[in-house]
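Subject: Structure handover

Hello,

Here is the structure I promised you. Please open it alongside this note, and read on for what turned up.

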Amino acid sequence: MTLKPSSLFSALPDQVSVYEVSPRDGLQNEAVTVPVTAKVRLIEALVASGIRRLEVTSFVSPKWVPQLADAEQLCRILPRVEGVSYSALVPNRTGLDRALTAEVPEVAVFLSVSETHNRKNVNRSTEQSLAGFEEVVGPAVAAGLRVRGYLSTLWGCPYEGAIDPRRGVEITRRLLKMGCYQVSLGDTIGVGTPRQTQEIVSMFLSEFAAPSLALHLHDTRGTALANMLVGLELGVRTFDASVGGLGGCPYAPGAAGNLATEDLVYTLHGMGIGTGIDPEKLLEAGRVAAAVVGRELPGKVHKAGFRSLRQ
Ligand code: HMG
Ligand code: MG
């Protein structure tokens with residue numbers, strides 16, 4: 001057999017954008033409610049590592065997600081650092097009003113491709129969610145905020161199983177038309193595999209420009225990094241990640257944390273792709289995250305470190 005030279009990784013970027021979600025996606029799923037000062041400690045450590053985009057909290061119902069009930073208090077004491085952009089989830093107009101009062105510069109709306117998951121998560125159908133976002137996205141943009149969108153369960157739903165990604169394309173079209181600058185495609189329960197990711201991401205890229213898409217990959221089955229590489233190869237340049245692999249969705253049973261930020265950064269740096277993040281300081285942020293939640297975190301590089309024995 002003759003080996004052909006491969007075109008794989010022939011058009012890699014110099015830089016990708018890491019969108020850190022541990023203070024929101026991570027802490028919303030912890031059994032313990034972390035004190036607000038400890039949340040600030042985590043955010044300070046993440047910012048010190050060079051991370052510039054962070055989702056810090058949610059303006060959702062405190063009855064549904066008590067872990068993030070201190071959103072206003074947190075926003076008041078966030079470290080203000082030049083070039084750092086904070087974002088928060090908002091499910092509805094009430095959430096946007098709270099975010100506006102808290103002066104958050106960016107918000108994210110979220111819904112699921114799966115009807116059942118959407119009902120479990122926000123107590124309404126996907127069409128009701130989209131109708132509600134008409135009162136959120138336009139007014140937020142008019143008020144000078146950047147608005148992101150999340151599309152959950154695109155790779156599979158814990159209640160419905162397989163999902164038709166074409167419905168996700170239709171929802172994304174509507175979110176972008178409303179004014180979202182980017183839609184983050186979610187493998188909420190971490191079931192995706194590389195060929196499936198190739199099919200989904202190619203389908204989305206055939207209609208939407210790469211900068212309007214991000215990948216939000218939970219690492220429940222250890223496939224997030226492989227799926228990230230497929231997205232990278234196809235042209236995606238923004239990846240959501242969570243330090244130490246902290247996280248999950250409280251309304252998606254069995255979902256583990258996001259792709260660990262350290263695993264993402266280790267892999268990208270090893271391929272010569274910059275992130276603006278300092279590896280040692282990122283490891284330190286992971287240690288802060290573990291201390292803040294009082295448990296071991298699953299991230300591989302979080303445990304093993306960046307250096308090999310030979311260095
Ligand atoms: P509901 O009970 O149907 O809401 O909840 P409602 O509109 O009937 O209101 C009920 C009460 O909640 C009222 O108060 C409202 O004022 C209040 P009451 O009269 O009973 O005192 N309320 C609010 N309070 C504070 N902030 C708000 C708000 N809205 C209403 N924004 C609701 C509907 C959407 C509020 C609820 O279902 C909810 O908060 N769900 C959030 C669930 C959530 O945060 N899930 C996790 C995030 S999504 C995720 O993790 C996936 C992601 O990471 C991507 C991926 O992994 O795929 C993004
Ligand atoms: Mg998530």
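Start with His218. Its relative accessibility is 2%, so His218 counts as buried, the cut-off being under 20%. Keep in mind that this is a predicted model.

His216 is buried too, at 5% relative accessibility. The magnesium ion (ligand 2) is coordinated by NE2 of His216, NE2 of His218 and OD of Asp25. The distances run from 2.1 to 2.3 Å. Along the sequence, the donor residues follow the spacing D-x190-H-x1-H.

Next, the pockets.

The largest pocket holds about 520 Å³ of space. Its lining is made up of 33 residues. Nearest the centre are Val60, Leu89, Phe110, Asn121 and Val122. Sorted by class, the lining of the largest pocket has 15 polar, 14 nonpolar and four charged residues.

The second largest pocket has a volume of about 190 Å³. Here 17 residues form the lining. Asp219, Gly245, Ala256, Gly257 and Pro298 lie nearest the centre of this second pocket. Its lining splits into eight polar, five charged and four nonpolar residues.

Best wishes

Technical notes:
Residues are numbered from 1 along each chain as its sequence is written. Chains are lettered from A and ligands numbered from 1 in the order in which they are written. This is a predicted model: local features need pLDDT of at least 70, side-chain atom pairs count only at pLDDT 80 or more; totals for chains, interfaces and linings use all residues. Side-chain values use heavy atoms; hydrogens and water are left out. On a 1 Å grid over the protein atoms alone, a cavity is a set of points where a 1.4 Å probe fits but cannot get out, and a pocket is an open set with protein on both sides within 12 Å along at least five of seven lines; lining residues have an atom within 4 Å of a point. Grid points are joined across faces, edges and corners, and a volume is the space filled by probe spheres set on the points. Ala, Val, Leu, Ile, Met, Phe, Trp, Tyr, Cys and Pro count as nonpolar, Asp, Glu, Lys and Arg as charged, and the others, Gly among them, as polar. Donors are N, O and S atoms within 2.8 Å of the metal (3.2 Å for Na, K and Ca); water is not among the atoms, so sites may look incomplete. Buried means under 20% relative accessible area, exposed over 50%, partly exposed in between (1.4 Å probe, protein chains only).
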